[in-house]
Each structure stands twice: as C-alpha cells, then as structure tokens.
Amino acid sequence: MHPPVTLTRREIAGVAALAVIISLALHWPLPLHLGTRIAQDLGDPLVQAWQVAWDGHALVHQPTSLFQSNTFWPLHDSLAFSDALVGYAPAGLIGGDGVHAAVARYDVLFLFAFALAFAGAWLLARELGIGRYGAAVAGAAFAYTPWRLEQEGHMHIISSGGIPLMAFLLLRGYRSSSAPLIVAGWLVAAWQLSLGFSLGLPLVYLIGVAALATAIAWWRKGKPRPPRRVITATVIGMLSFAIVATLLVRPYLRVLDDHPEAKRTKAQVAAFSGPVKEFAAAPESSRVWGAAAKPVRDTLNVVPEQTLFPGLAILVLALVGLGAATLPRRVRRALGTGALGFAILSLGFKLGSGSFLYPYRWLYETLPGWQGIRVPGRLHTFTTLCLALLAAAGAQAVALRAKDRWGTRAATAAAAVLTLAILAEGWGTDQNPRVPLAPKGQTAAPAPALHLPTGAFDNRHYVLWSTDGFPKLVNGRASFIPRQFEAVMRAGEHFPDKPSVAMFRRIGIRSVVVHTATKRAAQQADVSAATLRGLHLERERRSGVVIFLLR
C-alpha cells in the first residue's frame with residue numbers, strides 16, 4: 001500500500017462540514033421541517049423513530065431490560081423483533097418524549113447517516129493513498145449512490161458510515177501502531193453492529209476474514225512481535241466488540257426460541273432475490289434515472305428491494321480506477337474482486353434445481369446467523385463501498401491528468417464536475433410527508449390498550465404515538481408478525497363479540513381504542529347499548545376515538 005497520508009485537523013473539519021452541507025442540500029427542505037415531517041415515507045420511518053425514542057427512554061428507566069419495549073404487550077424481547085438501532089440510544093436521551101421529539105430526532109439522525117457515510121468513505125480513501133480529488137468522489141459515490149435512494153426508509157441500512165470509518169481507523173491504527181486509533185476502530189465496529197444485524201452480521205464475518213488474512217501474513221513474515229501497545233489495544237478492542245455482540249445476540253436468540261415464525265425461510269429469501277437486471281433498475285425516486293429505468297422495474301417482483309443500480313458515473317470511474325496507478329495493483333484487484341463478489345451475493349438465490357450454484361445459498365446453509373438476513377440486496381452496501389473506492393482512484397487519475405495539462409484549477413474543476421455528476425445521480429425526489437398527530441382522546445385509554453384497526457399502516461402510527469409516555473401497547477410493527485398478535489388481529493376484526501372480548505380479557509387488555517376514520521371502524525364503535533351490557537363493556541366517546549373499557 002501507499003504510505004499513510006498526513007491528515008490535518010483542518011482537512012478533517014472541512015470534510016465534516018462538507019458532508020453536513022451536502023446532506024442538508026440533497027434532502028432539502030427536510031431540515032426546515034424537523035419534527036413535523038419525516039424523511040422518505042410514513043412506513044418504517046415511523047417505527048424507527050419510535051425505536052430510537054424507546055432506546056433513550058429505556059436507558060433511563062429500565063437499562064437492564066432494554067429489549068422489553070412497550071409494544072407487542074405482553075410479549076417479551078419485543079424490541080428484538082426487528083433491528084433495534086441500539087447504537088442510536090444516546091440520541092434518544094435528547095429532546096424528551098412525544099411524537100414531535102421522536103420525529104425531529106429521527107430526521108436529524110437521517111441527515112447524520114448520509115454525512116457519516118460521506119466522511120467515512122473520504123477518510124478511508126485518503127488512508128488508501130488517494131488524494132483529496134478522489135476522496136471527494138469516494139464520499140459522494142458511497143453516500144449517494146442511486147441504490148441508496150430506495151433504502152432511505154430503512155435507517156439500519158443507510159446508517160452504514162461506520163463501516164468505512166471503522167476500516168479507516170483500524171487500518172491507520174495498525175499501520176502507525178497507534179493504540180487509541182485501534183481501540184477506536186473496534187469501538188466503531190461494535191457501534192455499527194449495534195445498529196442492526198442486516199449489515200452487522202456480514203461485517204462480523206468480514207472482520208473475521210480480515211483477521212485470518214492478517215494472521216496468515218504475519219505467519220509468513222516470520223511471526224514478528226508487534227509492539228505491546230498494539231497487542232493491548234487489540235485485546236481491549238476485541239473484548240469490547242465481543243461483549244457488545246454477546247449482549248445484542250442474546251435477546252434475538254430468545255426471540256427465535258419463543259417465535260419460530262421469526263425464522264427466515266428459503267422461500268422468503270428467494271422471494272426477495274432477483275435477476276441480474278436488478279443492477280440496471282434505478283429507484284423510481286431518482287431524478288436522473290427513475291423514468292428511464294421504469295421498464296426494468298416493471299419486470300421485477302419486489303421492486304423496493306431490487307433496485308440495485310449503482311450509478312453510471314460511478315461505474316465508469318470505477319472501471320477507470322481498475323487500471324489507474326493511483327492505487328497499488330493488489331488493492332485495485334482486491335476492490336474489484338470484492339465489488340464483483342458482493343454483487344453476486346446481492347442477487348440471493350432462486351429455489352429450484354440450480355439454486356446450489358448461487359453463493360448466497362452456501363452462506364445461508366452454512367454460516368451461523370446468516371438465515372436471519374431476509375433481503376440479500378442489502379449486501380449491495382459493500383458492493384457500493386468497493387465501487388466508491390475504485391471510482392475515487394479513477395477520479396484521482398483524471399484530475400491529475402487535467403492538472404498536468406492545464407494546471408491546478410483544471411484539476412479542481414474536473415474533480416468538482418465528477419463529484420457533482422455522482423451527486424446528481426443520487427439526488428432523489430422530495431418525499432417528506434407530514435406526520436399525523438394522535439387523536440387527543442386516546443390518551444384517556446387505560447393501558448394495556450389495543451388499537452383498532454390493526455393494519456400495518458395503522459400499527460405504525462400507534463407505535464409512534466406511543467412515544468407520548470410509552471404506555472403498554474398491544475399493537476406493534478416488526479419484521480415478522482408474532483402468532484399471538486396475529487390471533488389478536490383476527491379477533492379484533494369481529495370486536496365487539498363474546499370470543500374477542502373473552503380473549504382480550506384473558507390476555508389482560510384493559511381498553512380497546514377504536515379509531516373511527518374508516519367505515520368498518522365506525523360500525524364497530526356504534527354497537528347497541530344492549531350489546532355492551534351483555535359483554536360487560538363500557539364505552540367512552542372521545543375526540544377522534546371511541547374507547548371500550550374491559551372491566
């Protein structure tokens with residue numbers, strides 16, 4: 001590798017400022033509506049805003065039972081029904097409870113995730129020996145590849161900036177024998193893992209492969225003795241990482257034991273897998289490629305998870321970078337092999353006679369924990385990082401050639417044009433819907449409460465609204481539907497009748513809150529007084545809801 005570059009505080013501060021400015025600019029006008037509008041859509045972001053809020057709430061009120069959340073009552077470890085975003089728990093301490101605070105916090109973290117991805121890729125490119133011209137392209141290519149547009153509703157996926165930052169810290173730390181950097185690198189790796197296993201689990205295996213390769217290289221060099229400070233820092237870092245991993249894994253293992261329906265079957269993984277043409281499918285929200293890629297998208301089965309187009313400018317620059325001397329040949333080959341390998345894994349596998357030919361199927365069958373990954377396409381995160389670094393090498397070569405011919409200004413202009421071209425491809429249409437507020441009347445419902453109707457769209461709202469005090473809530477939204485809650489949902493369709501009321505009383509539900517916006521809900525709320533007496537129910541009409549009390 002090239003010798004380590006000198007990074008000044010001024011450059012690091014400038015990169016951080018540039019990363020924030022670009023994130024604000026490309027997601028404008030979201031920064032003007034923090035707390036009232038939410039990034040992307042009213043789907044998973046609502047639940048993830050609740051997750052971060054709950055993480056902070058639990059740190060203060062029940063730190064030893066973080067995963068026992070207020071949703072999916074009375075089930076245990078309900079926070080582990082999805083990637084829990086535990087790494088953002090400190091942010092949950094800021095701003096207090098309530099919907100406005102939860103949404104504002106989520107919006108800030110959303111902008112932060114893109115800024116960190118940009119800065120992390122920049123720093124890693126610099127450590128590999130790429131100049132500032134190419135480093136800007138690396139940050140833009142990793143943080144704003146068009147593929148990421150479709151993932152903007154998944155905070156645990158767009159929060160991938162810790163991966164290049166970890167690589168930068170560890171690489172620089174071991175090359176310079178810096179104990180603080182080594183420990184920091186391992187702590188960043190633990191933090192990235194704590195954001196979710198969708199990216200954290202592949203990262204664990206990547207770290208294992210890197211450690212094995214390092215051990216082999218050390219053995220071949222005659223087993224030279226590293227400095228004591230390096231050994232000490234490595235032991236501290238690895239122990240910290242192992243402790244975090246163990247604490248995170250335990251509740252998820254309990255969930256798998258308690259809820260067999262949480263396991264990812266081969267059919268589920270195959271349903272989210274796709275053909276090679278995924279790489280030509282740009283997200284609909286892409287301003288540059290959205291309309292042009294529509295014919296390809298229309299032929300895919302699960303469009304939101306199968307738009308893997310990395311960007312034309314990135315691909316062209318990555319091809320240039322494969323042959324550029326701005327990176328050593330071995331590094332270029334490693335990045336090219338990594339990009340190709342992760343791209344193949346991103347396709348997943350198809351059921352049938354030839355499914356054994358898919359490498360992803362081998363990992364699914366052999367590696368512990370790999371069966372917990374439902375969407376193979378999210379491994380494209382690692383593909384885009386390899387492509388971003390190759391694109392940085394290509395851009396650096398182009399800029400240096402321009403500098404040799406026309407001077408420094410031409411090189412700066414060339415780098416700026418290439419960076420802007422990548423940012424343009426990754427610029428999406430504004431999708432910042434206004435967050436609906438909870439009906440004021442629902443606060444009078446005694447907990448534990450069940451809210452009707454129980455559709456996926458409705459449950460996301462109830463979960464977010466529960467950030468106002470975090471009352472016990474029977475409803476919830478996760479990556480799978482627990483069997484007990486599925487039974488509650490079926491009973492809720494016939495409420496109020498004897499079987500549903502008897503079931504709710506047996507569980508321990510104290511109130512049923514009917515949101516009367518739909519015709520069916522209004523019919524449920526308008527039952528006769530005789531029916532209420534026969535079921536021993538009390539009814540209270542409040543602002544926007546009807547509350548049934550189960551004495």
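Helices (H or I, at least four residues) and strands (E, at least two) are DSSP runs, numbered from the N terminus. The structure is a predicted model, in which local features need pLDDT of at least 70 and side-chain atom pairs count only at pLDDT 80 or more, while totals for chains, interfaces and linings use all residues. Residues are numbered from 1 along each chain as its sequence is written, and side-chain values use heavy atoms, with hydrogens and water left out.

Trp73 and Pro74 are joined by a cis peptide bond, with omega at about 5 degrees. Asp77 also has its place in the loop between α2 and α3. Although Asp77 is not a glycine, its phi is positive, at about 55 degrees. Asp77 counts as buried, at 3% relative accessibility (buried means under 20% relative accessible area, exposed over 50%, partly exposed in between, with a 1.4 Å probe and protein chains only).

Pro448 belongs to the loop between α17 (408-425) and β1 (449-452). Phe470, in the loop between α18 (456-465) and α19 (483-492), is a residue other than glycine with a positive phi, near 55 degrees. At 8% relative accessibility, Phe470 counts as buried.

Attention now turns to open space. The second largest pocket holds about 1,200 Å³. A pocket is an open set of points on a 1 Å grid over the protein atoms alone, where a 1.4 Å probe fits, with protein on both sides within 12 Å along at least five of seven lines; lining residues have an atom within 4 Å of a point. The lining of this pocket comprises 42 residues, and Asp83, Tyr252, Arg264, Gly372 and Ser479 lie nearest the centre. Two or more lining residues come from each of α2 (44-61), α9 (197-220) and α10 (228-258). Of these elements, α10 gives the most, with 6 residues.

Helix α10 also contains Val235, a residue that is partly exposed, with a relative accessible area of 43%. Together with Ile231, Leu239, Ile243 and Leu247, Val235 makes a nonpolar surface patch of about 450 Å². Patches of this kind are made of residues with over 30% relative accessible area and no salt bridge, nonpolar side chains (Val, Leu, Ile, Met, Phe, Trp, Tyr) being joined within 5 Å; a salt bridge is a side-chain nitrogen of Lys or Arg within 4 Å of a carboxyl oxygen of Asp or Glu.

Conventions. Points joined across faces, edges and corners; volume = space filled by probe spheres on them. Patch = residues over 30% accessible without salt bridge, like charges linked within 9 Å, V, L, I, M, F, W, Y side chains within 5 Å. Areas by Shrake-Rupley, 256 points an atom, 1.4 Å probe, with all protein chains shown as cover.
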